Amino acid sequence: MRYQKTITANFIERPNRFIAHVEIEGKTETVHVKNTGRCRELLVPGCKVILAVADNPNRKTKYDLVAVYKPGLGLVNMDSQAPNAVVGEYLAGKEEITFIKPEYKFGDSRIDFYFEKGEVRCLMEVKGVTLERDGVAYFPDAPTQRGAKHLRELIKAKEQGYEACLAFVIQMEGLYEVLPARDIDPDFSKAYDDAVSAGVKVLALPCKVWEDGLTIRDGY
């Protein structure tokens with residue numbers, strides 16, 4: 001997945017979940033933040049951020065904030081739409097997968113991907129991971145009732161004969177395992193434990209991160 005055009009800026013502040021103020025060549029600009037999570041450990045005043053130039057000239061904001069440099073770690077893609085995009089590319093490259101449908105209605109939810117491997121029916125829920133602590137990746141970075149609900153749907157899918165999978169897309173380099181952030185969201189962590197016990201497969205997908213894009217590394 002690649003952005004058409006990106007530029008660098010310095011982060012100033014984030015007044016709400018949806019926008020941030022950044023400095024571009026000495027001027028303050030309001031930009032859209034493509035992640036409604038807290039990201040407090042990432043968006044620190046003065047840090048270097050990556051902006052994707054919006055392709056709609058009529059938008060109120062000219063740029064989307066899509067990535068940030070974190071000291072001691074490097075570049076972190078924080079675009080919440082990127083994980084589904086790269087997983088779509090990843091699944092499309094698998095020869096054994098014969099059919100793919102995104103945003104599949106199951107139960108009371110929409111699961112990110114339904115796909116078929118011959119006669120095997122599969123459901124996959126995708127979660128982007130941007131939280132790192134002491135060299136370990138964690139999810140989530142804020143409480144997510146929706147995330148716990150999706151895990152419970154995957155448990156039901158497994159009971160109904162589907163192959164069910166939770167895919168963590170690690171939006172930073174050098175990390176290969178994701179653990180539930182139990183202190184941040186005990187409910188999600190309980191649902192995660194129940195899903196694993198029920199046979200839901202968990203994938204941690206390491207990525208290659210560029211300023212202008214993201215892709216899942218070969219071999220995973």
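Val66 lies in strand 5 (residues 63-70). Helices (H or I, at least four residues) and strands (E, at least two) are DSSP runs numbered from the N terminus. The model is predicted: local features need pLDDT of at least 70, side-chain atom pairs count only at pLDDT 80 or more, and totals for chains, interfaces and linings use all residues. Residues are numbered from 1 along each chain as its sequence is written, and side-chain values use heavy atoms, with hydrogens and water left out.

Val66 has a relative accessible area of 0% and is therefore buried; buried means under 20% relative accessible area, exposed over 50%, and partly exposed in between (1.4 Å probe, protein chains only). Leaving aside neighbours within four places in sequence, Val66 is in contact with Tyr3, Lys34, Ile50, Ala52, Val76, Asn77, Met78 and Asp79, where contact means heavy atoms within 4.5 Å. Ile50 is 16 residues from Val66 in sequence, and their C-alpha atoms are 5.9 Å apart.

## Paired strands

Two strands pair if DSSP finds at least two bridges between them.

| Pair | Bridges | Opposite residues |
|---|---|---|
| Strand 7 (residues 99-106) and strand 8 (residues 109-117) | seven | Ile100 and Phe115 |
| Strand 10 and strand 11 (residues 136-139) | three | Arg133 and Val136 |

Strands 7 and 8 form a hairpin with two residues between them, and Gly107 in the turn has a positive phi of about 60°. Strands 8 and 9 also form a hairpin with two residues between them; in this turn Gly118 has a positive phi of about 65°.

A three-stranded open sheet has the order 10-11-13, with mixed pairing. Its edge strands, each pairing on one side only, are strand 10 (131-133) and strand 13 (178-180).

## Helix 2

The 15 residues of helix 2 (residues 145-159) should span 21 Å at 1.5 Å a residue, and the end C-alpha atoms are 22 Å apart, which agrees. The expected span is 1.5 Å times one less than the number of residues. The buried residues of helix 2 are Gly147, Ala148, His150, Leu151, Glu153, Leu154, Ile155 and Ala157. These buried residues pack against strand 7, strand 8, strand 9, strand 12 (163-170) and helix 3 (186-197). Just after helix 2, Gly161 takes a positive phi of about 100°.
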